[in-house]
Amino acid sequence: MRTAQIETVRSLAPEVGAVGGMPDAVTIYEVGPRDGLQNEKGVIPTAVKAEFVRRLLDAGLDTVETTSFVPQKWVPQLGDAAELIGQLGDLATGPKRPVLVPNMKGLERAQELGLSSIAVFGSATEAFAQKNLNRGREEQFEMFAPVVEQARAEGMWVRAYVSMCFGDPWEGPVPVSQVVDTCQRLMDLGCDQLSLGDTIGVGTYAHVHHLLDGLEDVGLGTDRIGVHFHDTYGQALSNTMAALSRGVRVVDASAGGLGGCPYAKSATGNLATEDLVWALEGMGIEHGVDLEKLVATSVWMAEQLGKPSVSRVVKALAG
């Protein structure tokens with residue numbers, strides 16, 4: 001079945017032309033198994049999730065965020081994290097298989113399973129911090145400090161997500177200075193990488209530049225920054241191009257455009273990995289992904305979920 005699906009993908013590729021000011025290579029940080037699936041209403045079998053990860057890796061996606069160690073009552077879809085890691089075995093324990101941990105308990109669970117990379121998930125706004133973390137924006141730093149400290153002491157790689165960087169459904173526009181303050185304080189804890197999240201997809205090309213300007217002013221360069229755009233208003237790829245033009249080399253994306261946020265109902269899917277790959281190929285930017293295998297993977301996953309992929313490239317190549 002898998003071979004047949006791959007054969008249905010049309011062998012098309014974009015015309016290639018280099019664009020000045022863009023990086024030579026980009027790391028795609030695949031979030032489909034975690035951020036992509038967390039908002040699905042029907043419970044997805046652990047075996048399906050494990051196969052999804054295997055197929056993504058086989059397609060050349062080297063960095064894959066596999067799951068989250070959050071309480072099952074918070075995000076029921078991810079309540080099988082330990083079982084999933086067990087099914088993946090060695091595929092889950094490498095340096096490029098991060099998992100999300102909300103607190104010390106989540107970190108301890110990840111360490112017990114031999115994982116080597118984690119991510120913490122902060123908020124630039126008070127409202128989302130309360131809804132997502134059950135703590136205020138100021139209190140989140142106290143919660144994350146011991147998590148990052150212990151993880152680094154054990155030699156783990158640590159990423160800091162900052163959500164609501166471009167707008168909040170409860171608070172509205174978020175001042176760039178407030179976002180920069182949140183980012184700086186999380187990175188000061190000792191995190192290795194920062195991911196700027198447009199959780200509800202309201203960011204624009206110019207807004208991306210303004211935020212990167214603010215981060216540069218406090219010494220946070222693009223060599224330590226990744227971007228994470230949702231496509232609610234169809235701006236995710238445009239915003240990514242803005243970030244790349246500034247030297248960002250890490251882009252979060254989700255196979256098939258899967259995604260959403262259980263605590264922000266206006267959030268739609270993430271930037272589709274296939275759409276990103278098509279754009280990168282057209283600019284001659286290295287990414288390491290086999291697009292045909294990736295499209296076939298998203299077609300397969302769409303069948304498991306019982307709904308079509310929202311990725312335009314998947315629709316075009318496998319439609």
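## Pockets, rings and buried positions in a predicted model

Residues are numbered from 1 along each chain as its sequence is written, and side-chain values use heavy atoms, with hydrogens and water left out.

**Single positions**

H228 has a relative accessible area of 6% and is therefore buried; buried means under 20%, exposed means over 50%, and partly exposed lies in between, with a 1.4 Å probe and protein chains only. Between H228 and L211 there are 17 residues of sequence separation and a C-alpha to C-alpha distance of 13 Å. The loop between α9 (205-217) and β7 holds L220, which is buried at 7% relative accessibility. L220 and L194 are 26 residues apart along the chain, and their C-alpha atoms are separated by 9.1 Å.

Two residues other than glycine have a positive phi. For N134 phi is near 60°, and the residue lies in the loop between α6 and α7 (137-153). N134 is exposed, with a relative accessible area of 60%. For M164 phi is also near 60°, but M164 is found in the loop between β5 and α8 and is buried, at 0% relative accessibility.

**Helix α5**

Helix α5 covers residues 104-112, and G106, L107 and A110 in it are buried. These residues span an arc of only 100° around the axis, so they sit on the same side of α5; the arc is taken from the directions from the helix axis to the C-beta atoms. K105 and E112 are exposed on the other side of α5.

**Aromatic rings**

The whole structure contains five aromatic pairs. Rings of Phe, Tyr and Trp (its six-membered ring) pair if their centres lie within 6.5 Å, and planes under 30 degrees apart count as stacked, over 60 as edge-to-face and the rest as tilted. F121 and F128 form an edge-to-face pair, with 6.4 Å centre to centre and 65° between the planes. Both partners are buried: F121 has a relative accessible area of 17%, and F128 has 0%. F128 also pairs with W170; the ring centres are 6.3 Å apart and the planes are at 20°, so this pair is stacked. The pair links distant parts of the chain, 42 residues apart, with F128 in helix α6 (residues 126-133) and W170 in the loop between β5 (157-163) and α8 (176-188). W170 is partly exposed, with a relative accessible area of 39%. Ring pairs join Y29, F121, F128, Y161 and W170 into a cluster.

Charged groups also meet rings. A charge sits over a ring if NZ of Lys or CZ of Arg is within 6 Å of the ring centre and within 35 degrees of the ring normal. The charged end of R55 is placed this way over the ring of W300, 4.2 Å from its centre. The charged end of R159 sits over the ring of Y161, 4.9 Å from its centre.

**Pockets**

Rolling a probe the size of a water molecule over the atoms shows where empty space is left. Grid points are joined across faces, edges and corners, and a volume is the space filled by probe spheres set on the points.

| Pocket | Volume | Lining residues nearest the centre |
|---|---|---|
| Largest | about 300 Å³ | E40, G257, L258, G259 and K307, of 19 residues |

Helix α12 (residues 291-305) gives the largest share of the lining of the largest pocket, four residues. That lining divides into seven nonpolar, nine polar and three charged residues. For these classes, Ala, Val, Leu, Ile, Met, Phe, Trp, Tyr, Cys and Pro count as nonpolar, Asp, Glu, Lys and Arg as charged, and the others, Gly among them, as polar. In the second largest pocket, strand β1 (residues 27-30) gives the most to the lining, with three residues. The lining of the second largest pocket has nine nonpolar, six polar and two charged residues.

Note on methods: Predicted model: local features only at pLDDT ≥ 70, side-chain atom pairs only at ≥ 80, totals over all residues. 1 Å grid on protein atoms, 1.4 Å probe; cavity = no way out; pocket = protein on both sides within 12 Å on 5 of 7 lines; lining within 4 Å.
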